[in-house]
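Please read them with the coordinates open.

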Amino acid sequence: MDENHFDNNNTEVFDDRTREMDSIQLPKLSESEHCGITPREEFTDLNSADDMSKTLMMDSVSDDYPPAENPVRRRKKKHKKKNRTNHTRTMGQIFLGVLLSVGALALGVMAAVNVVGGMRDITGLAKPNRQTDFEINASMGVNEIIDNLHAAGIIDMPGLMKTYMKLTDQESGFLDGIYTISSNMSYNDLLETLKTEKTYSKTVDVAIPEGLTAAEIGKILEENLVCRAVDFETCYKAKLNKYDFEEGIEADPNRLNMLEGYIFPDTYQFYVIDDMKKYPNFDTKKYAENVADKMFSHFEAQITRSMRSRMAELGLTLDETIRLASLIQWEGYNEENMAMVSSVFHNRLNDPETYPQLQSDTTYTYIDEVIKPKITSSNSAKMQTIIDAYDTYKCEGLPAGAICNPGLDAINAALYPADTEYYYFVASKSGEFYYARTAEGHEENVEMVRQLDMEENGE
């Protein structure tokens, strides 16, 4: 089939169909009719209830096809179910939120109350003024001290104070004693008070005579309410390693009181510790240390450079000089007798082969009054060794330690003895001294003094 033939046939067919379509004409509306009908009115008219034929026509169309499930309606049901779930969930969230808010508010209130209470406790502000005497002793630890402060009503939050002390590095340094404190004091004020030696305003003048033992001085201090004798004893029992003079003290295990002899006799002014009367167990260690420091410092100030030079000339150490002076202090009654007694001791010390012992009766007094009271069943053997080290009839040369605390006259007498050839002396009860070069001469003097003493006693 050729191409021209195909085009002609088609053309003829299309022309016939075109003419047929043109013959079908829709009724034309006038311009006024066309413009007067709106699409909305036309839709309303087509669906008007007055035209039942249109309704029946729609029904006949509906009967031919069964109604399909309404997906929109199904989605609405699901949507309603989802709304109920979301509604329940939303109410739960609201309720939980309310609970959390109330809980947070309650915690906030509690925290605020604790913060306010903590600040009151730390600063002491707005707290009732409750005053009390608070005691600290050596057996107490930090926790016990704080718990006792709480029990006494001074602080309200012991745990807070422990934390505060840890953060501020104030967990140590408490001093034994009795302190007057109050509940409206801040933590800092409390800690400072409990770590500061209590001060007193009233003073007393205490005269310490020459020749007293350290134990006797302790009793005088206690009688004057300066410190307790037992607390003062800890200050002379062993070396303190605080003073220059201690360097020359020999570490002799047979020495009873290491610093005996260095408590310089004089009149001192000390504070009166009133609490000693009110509290029998009041700890006075710190006050005793202050007292000892004042006395030892005063001793060190008395030893001049010329004195040390003289010691070097005599071949004596400071400690040997003090031990010798303590013997002279108890043997002599005045400056002249002290120089003479000193000459006897020096002569013996310079001839140890002939006179190995100093043979001073005064050491027996020290043994009886100071050493023997320290003897117990458990230390008797050791104490006997100490006794022998102080007994100048047994030990060679000077005793192991000083037997009293000599004054300046006795120290000078030890440094500047009289120039004699005596090796013996004896004194009567009336204070008269008799010297001898030999043992025979000494025995004669002893018998003479015995007769004089008997006559004086009317025997």
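This is a predicted model: local features need pLDDT of at least 70, side-chain atom pairs count only at pLDDT 80 or more; totals for chains, interfaces and linings use all residues.

1. The protein contains 19 helices and six strands. Of its 459 residues, 36% are buried.

2. Among contacts with a separation of 6 or more, 68% join residues 24 or more positions apart. The accessible surface of the protein is about 28,400 Å², and carbon and sulfur atoms account for 53% of that area.

3. Rolling a probe the size of a water molecule over the atoms shows where empty space is left. The largest pocket has a volume of about 440 Å³. Its lining consists of 21 residues, and those nearest the centre are Glu-331, Asp-361, Phe-425, Val-426 and Ala-427. Two or more lining residues come from each of α14 (318-331), α15 (335-349), β5 (424-427) and α19 (439-456). The largest share belongs to β5, with four residues. Sorted by class, the lining of the largest pocket has 12 nonpolar, five polar and four charged residues.

4. The second largest pocket holds about 300 Å³ of space. Lining this pocket are 20 residues, with Leu-314, Leu-316, His-346, Leu-349 and Asn-350 nearest its centre. The elements giving two or more residues to this lining are α14 and α15. Here the largest share, four residues, is that of α15. The lining of the second largest pocket comprises nine nonpolar, six polar and five charged residues.

5. Which residues of helix α9 are buried? In this helix, residues 214-223, they are Ala-214, Ile-217, Gly-218, Ile-220 and Leu-221. Viewed down the axis of α9, these buried residues fall within an arc of 160°, so they line one face of the helix. An α-helix has 3.6 residues a turn, so residues three or four places apart point the same way.

6. On the face of α9 turned away from the buried side are Lys-219 and Glu-223, both exposed. The cover over the buried residues of α9 includes two strands, β3 (203-207) and β4 (267-271), and two helices, α10 (229-233) and α12 (285-302).

7. After α9 comes Leu-225, which has a positive phi, near 60°.

Methods: Residues are numbered from 1 along each chain as its sequence is written. Side-chain values use heavy atoms; hydrogens and water are left out. Buried means under 20% relative accessible area, exposed over 50%, partly exposed in between (1.4 Å probe, protein chains only). Contact means heavy atoms within 4.5 Å. Accessible areas come from the Shrake-Rupley method with a 1.4 Å probe; for residues, only the protein chains shown count as cover. On a 1 Å grid over the protein atoms alone, a cavity is a set of points where a 1.4 Å probe fits but cannot get out, and a pocket is an open set with protein on both sides within 12 Å along at least five of seven lines; lining residues have an atom within 4 Å of a point. Grid points are joined across faces, edges and corners, and a volume is the space filled by probe spheres set on the points. Ala, Val, Leu, Ile, Met, Phe, Trp, Tyr, Cys and Pro count as nonpolar, Asp, Glu, Lys and Arg as charged, and the others, Gly among them, as polar. The arc is that of the directions from the helix axis to the C-beta atoms.
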